[in-house]
Amino acid sequence: MVPSVPTAPQERSGPALPCPGGAPPAIPVGRLPGHVAVVLDGNGRWAAGRGLPRTEGHRAGAGAVLDTVDGALQLGLRHLSLFAFSTENWRRDEKEVGEVLRLIGAFVADHGERLDRQGVRVSWSGGRGRMGARLLGHLDAIAARTADNTRLELTIWLNYGARDELWRAARELARESVAGRVDPAEIDARTFARYLYRPDLPDVDLFIRTSGEQRLSNFLLWQSAYAELLFTETLWPDFGHRDLWAAAVAYSERDRRFGGC
Ligand code: IPE
Ligand code: MG
């Protein structure tokens with residue numbers, strides 16, 4: 001069991017944000033989440049609340065990504081995963097899908113220099129099928145440009161679904177077994193995890209979903225087996241560094257047991 005340690009030094013009352021001075025909260029390094037995963041949700045409702053088309057919500061959501069990355073850097077996070085487009089999102093109106101993917105491409109093209117300067121290593125993960133060549137070009141370019149950065153690893157999950165990832169891993173392992181390269185008796189959780197899309201990433205410590213929905217929606221199911229879950233009413237375009245800091249403070253106060261006592 002992890003002992004409870006003092007967290008943010010500031011006085012706090014109720015759910016108020018812990019950082020009135022604009023500085024990140026002082027969380028001991030050992031209590032920081034190593035890998036934070038976020039399901040970005042609420043762009044459409046944000047736009048509807050303003051009488052705007054849904055695409056304006058997605059545009060505003062891109063700004064929230066930059067602010068959240070700034071907050072992650074100030075906090076000293078090492079891994080940030082953002083669920084930007086799921087395998088299920090293809091079911092949406094064709095024009096909306098096109099606009100979301102166009103905005104993601106524009107985001108990485110427009111902010112590659114800034115993210116590189118900040119020391120962010122940007123990569124993406126998910127299925128390459130169905131993704132346009134132009135978008136793949138932007139994504140591959142930012143990954144190549146920022147490959148040597150080490151401050152923060154930002155992974156954008158696109159055309160991603162955890163069940164897809166899991167059956168693909170199972171299929172690959174089955175092929176390897178049939179080919180005699182893997183002994184089925186040797187397959188365990190560690191072996192299996194090597195066949196996931198990103199075996200280099202650590203498990204998720206803190207799983208955040210915005211917009212008041214309390215669902216995992218097929219995001220990083222294997223990796224989040226012991227993640228702390230945090231659901232906030234804030235719509236994604238309104239989310240930013242302060243919300244991330246507040247989430248990290250809440251995480252640092254949790255008692256993680258991993259099935260122990
Ligand atoms: C999340 O916001 C953006 C994407 C998944 C692309 P939504 O578009 O799901 O917003 P709501 O849920 O309709 O408010
Ligand atoms: Mg939604």
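Q: What lines the largest cavity here?
A: In this predicted model, the largest cavity is lined by H35, W157, R198, L201, P202, L220 and Q223.

Q: And how do those divide by class, nonpolar, polar or charged?
A: The lining of the largest cavity divides into four nonpolar residues, two polar ones and one charged one.

Q: What volume does that cavity have?
A: Its volume is about 40 Å³, and the structure holds one cavity of 30 Å³ or more.

Q: OK, now the ligand itself, which residues are around ligand 1?
A: The shell around ligand 1 consists of L40, D41, G42, N43, G44, R45, R54, H58, A84, N89, R92 and V100. By class, that shell has three nonpolar, five polar and four charged residues.

Q: Which element gives the largest share of the shell?
A: The largest share comes from α1, with three residues. Both α1, which spans 43-48, and α2, which spans 54-75, supply at least two residues of the shell around ligand 1.

Q: Which side chain has an N or O atom 2.7 Å from an oxygen atom of ligand 1?
A: That is the side chain of R92, where an N or O atom is 2.7 Å from an oxygen atom of ligand 1.

Q: What about the backbone, how far is a polar atom of G44 from a ligand oxygen?
A: A polar backbone atom of G44 is 2.9 Å from an oxygen atom of ligand 1, and for N43 a backbone N or O atom lies 3.1 Å from an oxygen atom of the ligand.

Q: And how much of the area that ligand 1 exposes when taken alone does the protein bury?
A: Taken alone, ligand 1 exposes 380 Å², and the protein buries 86% of that area.

Notes:
Residues are numbered from 1 along each chain as its sequence is written. Chains are lettered from A and ligands numbered from 1 in the order in which they are written. This is a predicted model: local features need pLDDT of at least 70, side-chain atom pairs count only at pLDDT 80 or more; totals for chains, interfaces and linings use all residues. Side-chain values use heavy atoms; hydrogens and water are left out. A residue is near a molecule or strand if one of its heavy atoms lies within 4 Å of it. A polar contact is a pair of N or O atoms within 3.5 Å; within protein, one must be able to donate a hydrogen and the other to accept it, and residues adjacent in sequence count only if both atoms are side-chain atoms. Accessible areas come from the Shrake-Rupley method with a 1.4 Å probe; for residues, only the protein chains shown count as cover. Helices (H or I, at least four residues) and strands (E, at least two) are DSSP runs, numbered from the N terminus. Ala, Val, Leu, Ile, Met, Phe, Trp, Tyr, Cys and Pro count as nonpolar, Asp, Glu, Lys and Arg as charged, and the others, Gly among them, as polar. On a 1 Å grid over the protein atoms alone, a cavity is a set of points where a 1.4 Å probe fits but cannot get out, and a pocket is an open set with protein on both sides within 12 Å along at least five of seven lines; lining residues have an atom within 4 Å of a point. Grid points are joined across faces, edges and corners, and a volume is the space filled by probe spheres set on the points.
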